[in-house]
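Let's take a walk through this one together. Have the sequence and the model open side by side, and we'll stop at a few places along the way.

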Amino acid sequence: MKSEYDVIVIGAGPAGTTAARFAARGGASVLVLEKDRDIGIPVRCAEGVSEKGLLESVDRIHPDWIEQVIARVNLYSPAGQAVSASLENEKGFILNRKRFDYDLARLAVDAGADVLTRAYVYGLVKPDNAVTGVRMTHLGKHVEIKAKIVIGADGVESRAGRWAGISTHTSLSDIETCYQVTAANVHAREDTLHMYFSTHLAPQGYVWVFPKGEGVANIGLGISGTFAAEKTPREYLVEFMQAFFPEASVLSAVAGSVPCDQTLDCITADGFMLAGDAAHQANPMSGGGIASGMLAGQFAGRVAAKAVAEQNVSAKRLKEYEKLWHKKEGRNHRLSYKIKNYVYNLTDDELETIATSVLKIPENKRTFISLFKIALFKKPGLILDAIKVFS
């Protein structure tokens, strides 16, 4: 570890290590700081991602990353009607996040970055309000490291953005509070994502069962933060498991939250950028943030390397990162947010009616667009938004 780097990345999740990889590839000296002892642990993720999303940020997909290939999705109504649909020409994966995150960090190191674990960042160096480094503790010692640019990729609980003067506030209704278990002895079709929608099971959210092969699955749910005070996500999930998978054995459990919100209005400052969940770049509809976080990290890393080479790390220069993000994903995120706010407020009776209508469509002709055309029939303007998102 040196005393000064071109770029320091806070957080070694997919967004952070991808930012580090692309910044290092661009010629910058890079340091990644991870507060936990091991990269990829603990896993706070359902581990689902699309093949297309991965290939936007990695050169190839390693077989060791994949625990289950997904070809279908089953959507379950409150009364248990199963709406099945093929992913058509797209493949999905359930990842081994421990191995995946570890390998992303290794790819960053191969590109020239340094990685340091057990590095707890507790503040930014900000003379004259421009970020010029970080303050951290490592192995009991207080350390200050200089940087031309700091990238905050420290997750939904990010403090780096606030330290940089960026408003990271999210309303309680846009935070999905989640609880997930990895369980064995789960009997569910293993090439299929299983998603349950019901105000009784998961108000303003959904339950997921993501198979990992050999009878093991991630089973979890997310509910709007406005409901969590009345009944915890864990309580909802315990009831779901007792009703649907009473014979399953829990191997591990984890709790967390996801910002199902629009991207923050501002994600750059002088010498500073935010990426991934810290910037609210997870998909507002599904809460999935792996592929979008990596894409944001790619943009941030590339812009950081260029800005350093140009010796201009001002907020104005770093706005290129925001422009790249919004050009690629901004519209879809805005539209997904609008659709989410409608769909998550449907009653159980409305969800049942939608399922009954969709089941009238032959399975080989069901698409996400046809599903949303039925789901959004009372809001025809949103149908056009759904077509833009899913076409």
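Pro42 sits in the loop between β2 and β3. Look at the peptide bond that joins Ile41 to Pro42: it is cis, with omega at about 0°. Bear in mind as you look that this is a predicted model.

The loop between β2 and β3 also holds Glu47, whose partner Lys212 is in strand β14 (residues 206-213), 165 residues apart. What do the side chains of Glu47 and Lys212 form where they meet? They make a salt bridge, with 2.7 Å from N to O. Both Glu47 and Lys212 are buried; for Lys212 the relative accessible area is 15%, and buried means under 20%, so that residue falls inside the cut-off.

Lys212 has another salt bridge to show you, this one with Glu67 at 3.1 Å, N to O. Since Lys212 lies in strand β14 and Glu67 in strand β4 (residues 66-70), the pair ties together parts that are 145 residues apart in sequence. Glu67 counts as partly exposed, at 30% relative accessibility.

A search of the whole structure turns up 21 salt bridges. Among them is the pair of Glu239 and Lys231, at 2.8 Å from N to O; here Glu239 is partly exposed, with a relative accessible area of 37%. There is also a network of salt bridges to trace, and it links Asp64, Arg99, Asp103, Arg106 and Asp110.

Now back to β14, this time for its place in a sheet. That sheet is open and has 7 strands, in the order β6-β5-β13-β14-β15-β12-β16, with mixed pairing.

Strand β5 (residues 72-76) runs antiparallel to strand β6 (residues 82-86), and 5 bridges join them. Tyr76 is the residue opposite Ala82 in β6. The hairpin of β5 and β6 has 5 residues between the strands, and in it Gly80 takes a positive phi near 100°. Further along the sheet, strand β12 (residues 175-184) pairs with strand β15 (residues 216-224) in the antiparallel sense over 8 bridges. In that pairing Glu176 stands opposite Ser224 in β15.

Arg118 is not a glycine, yet it has a positive phi of about 55°. Find Arg118 in the loop between β8 (114-116) and β9 (119-125), where it is partly exposed with a relative accessible area of 44%. Leu139 also has a positive phi of about 55° without being a glycine, and its place is in the loop between β10 (133-138) and β11 (141-152). Is Leu139 buried or exposed? At 63% relative accessibility, Leu139 counts as exposed.

Finish with a pair of helices. The axes of helix α9 (residues 348-358) and helix α10 (residues 368-375) come within 9 Å and cross at roughly 135°, which makes α9 oblique to α10. The contact is made by Ile354, Ser357 and Val358 of α9 with Leu371, Ile374 and Ala375 of α10. As for handedness, α9 passes α10 in a right-handed crossing.

Methods: Residues numbered from 1 in each chain as written. Predicted model: local features only at pLDDT ≥ 70, side-chain atom pairs only at ≥ 80, totals over all residues. Heavy atoms only, no water. Pairing = 2+ DSSP bridges. Helix = DSSP H or I, 4+ residues; strand = E, 2+ residues; numbered from the N terminus. Salt bridge = Lys/Arg side-chain N within 4 Å of Asp/Glu carboxyl O. Buried < 20%, exposed > 50% of the residue type's maximum accessible area, 1.4 Å probe, protein only. Axes fitted to C-alpha atoms, helices over the stretch in contact; angles between N-to-C directions. Parallel < 35°, antiparallel > 145°, perpendicular 65-115°, else oblique. Left-handed = near helix turned anticlockwise from the far one by under 90°. Contact = heavy atoms within 4.5 Å.
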